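This report describes selected local features of one protein chain.

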Amino acid sequence: MGVIEVDVARFLQDLHALRAIGAAGVGKGVVRPAYSKADIAARDWLAVRMRDAGLAPVFDDMGSLFGLASGRSVLLGSHTDTQPEGGWLDGALGVIAALEVARASREAGGPPVSVVSFQDEEGRFGVTTGSAVWSGVLSAMQAAQLQDKDGVILDAARAAMGARLGARVYPARFSAFVEMHIEQGPVLDQAGEKIGVVEAIVGIRDMTISFTGQQNHAGTTPMALRRDAFQALSAFNSVINDRFRNIVTPDTVWTIGFVELHPGAHSIVPGRVRFSMQWRDGDAERLARMEAVIRETAEEIASEMGMALELGDMLGIEPVAMDAELRNVLAVAAEGEVPGKWRHMPSGALHDASNVAGLMPAAMLFVPSIGGISHAFDEDTDEADLVTGLQVLARAVSALG
């Protein structure tokens, strides 16, 4: 058969309908954290759309929603949960594009296509939790006891999904996985290119560090006598940036994204600070070298400043190369749709495809993010670029069939 003919208007209508569930009221922002009322409502809405498309919607034990085609099929999708202040396309684009390609392929008598929206990709409870459990990277028992930043246990939050849960979806029923996503970075937008074919997804490491000094009065405690936990964090941040200089590459990133001071009052020298340290790179050896520097630096700062140090468990996923044959299929499709306006590129963000790649051939397709903005209410992509991505995905699935 020829290239699957997608219905662009139907695709955009569904994408905007999903955006309305959990709309933040600020631009195109969306708030749908995993297992929230908005998240569950979005999954219920999607299940109806899947059924209307001739797919069988089922929820696994984690709450990931699969729309299953008959027989062995290609699996397309991403996730529909969001960051606490999320954009409308992060994850949702890949799910709705998958739905449209599955629907259009069925209407045209093309290859069977199944769809998935994995649960908790955004990490309310962990790192790509739903796909990690489905792929065996994380056990269901371990996942059940994960806690969010407010101390809520995953098992308790998951209970809100009630009787929906429980289907067993076996990876063997799928021949391959393709995830379409916004880039979440500036490369395609700055280059004026329309498509990125992902070569590999970077590895990620994430741990919590705590310094404990001495809580004291902010007006009467001389500076020289303070054991100020925040100053320990400040010193750590300065030193770590300097020490990374001879280890990292321009593609390496690291972030202190969460800081909690105790007791957090204007007139009290903070006695304790707990903060996150996350780093990403495509080379597992470099990630390990960075970990060693982080641990060594934290120990030195604690010793020099009279702090007690606590290092939390380290979470992470190894760098993952995308399947070479699938990448080639996407590259041919991109060249056929937008000649010369696409590139091979790495993914600096973590995605469900990292986990699924351990089960079957997996690949990813990027479309531009305006200004490189994501994980924010300002996240957006020109609708023409969304459509281009959809058409490249449809062209690739046609070739796979």
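## Packing of two helices

How are α8 and α9 oriented to each other? In this predicted model, helix α8 (residues 229–243) packs with helix α9 (residues 284–305) at an angle of about 140°, and their axes are 10 Å apart. Angles over 145 degrees would count as roughly antiparallel, and 65 to 115 as roughly perpendicular; α8 and α9 are therefore oblique to each other. Their crossing is right-handed.

On the α8 side, the contact is made by Q231, A232, A235, F236, V239, I240 and R243. The α9 side contributes V293, I294, E296, T297, A298, E300, I301 and M305. By class, the residues of this contact comprise ten nonpolar, two polar and three charged.

D281 belongs to strand β12, which covers residues 272–281. Its relative accessibility is 3%, and because buried means under 20%, D281 counts as buried.

The D281 side chain makes a polar contact of 2.5 Å with the side chain of T252. Leaving aside residues up to four places away in sequence, D281 touches V202, G203, T249, T252, R286, L287 and P319.

## The loop between β4 and α4

Two residues of interest, T128 and D120, are placed in the loop between β4 and α4. In this region β4 spans 113–118 and α4 spans 129–135. T128 is buried, at a relative accessible area of 2%, and D120 is buried too, at 0%.

The side chains of T128 and N355 are joined by a polar contact of 2.8 Å. Apart from residues up to four places away in sequence, T128 touches D120, E121, I317, L350, H351, D352 and N355.

## Backbone exceptions

Most residues other than glycine have a negative phi, and most peptide bonds are trans.

A cis peptide bond is present between H262 and P263, with omega of about 5°. P263 is placed in the loop between β10 (259–262) and β11 (268–269).

Terms used: Residues are numbered from 1 along each chain as its sequence is written. This is a predicted model: local features need pLDDT of at least 70, side-chain atom pairs count only at pLDDT 80 or more; totals for chains, interfaces and linings use all residues. Side-chain values use heavy atoms; hydrogens and water are left out. Helices (H or I, at least four residues) and strands (E, at least two) are DSSP runs, numbered from the N terminus. Buried means under 20% relative accessible area, exposed over 50%, partly exposed in between (1.4 Å probe, protein chains only). A polar contact is a pair of N or O atoms within 3.5 Å; within protein, one must be able to donate a hydrogen and the other to accept it, and residues adjacent in sequence count only if both atoms are side-chain atoms. Contact means heavy atoms within 4.5 Å. Axes are lines fitted to C-alpha atoms, for helices over the stretch in contact, and angles run from 0 to 180 degrees between N-to-C directions. Angles under 35 degrees count as roughly parallel, over 145 as roughly antiparallel, 65 to 115 as roughly perpendicular and the rest as oblique. A crossing is left-handed if the near helix is turned anticlockwise from the far one by less than a right angle, and right-handed if clockwise. Ala, Val, Leu, Ile, Met, Phe, Trp, Tyr, Cys and Pro count as nonpolar, Asp, Glu, Lys and Arg as charged, and the others, Gly among them, as polar.
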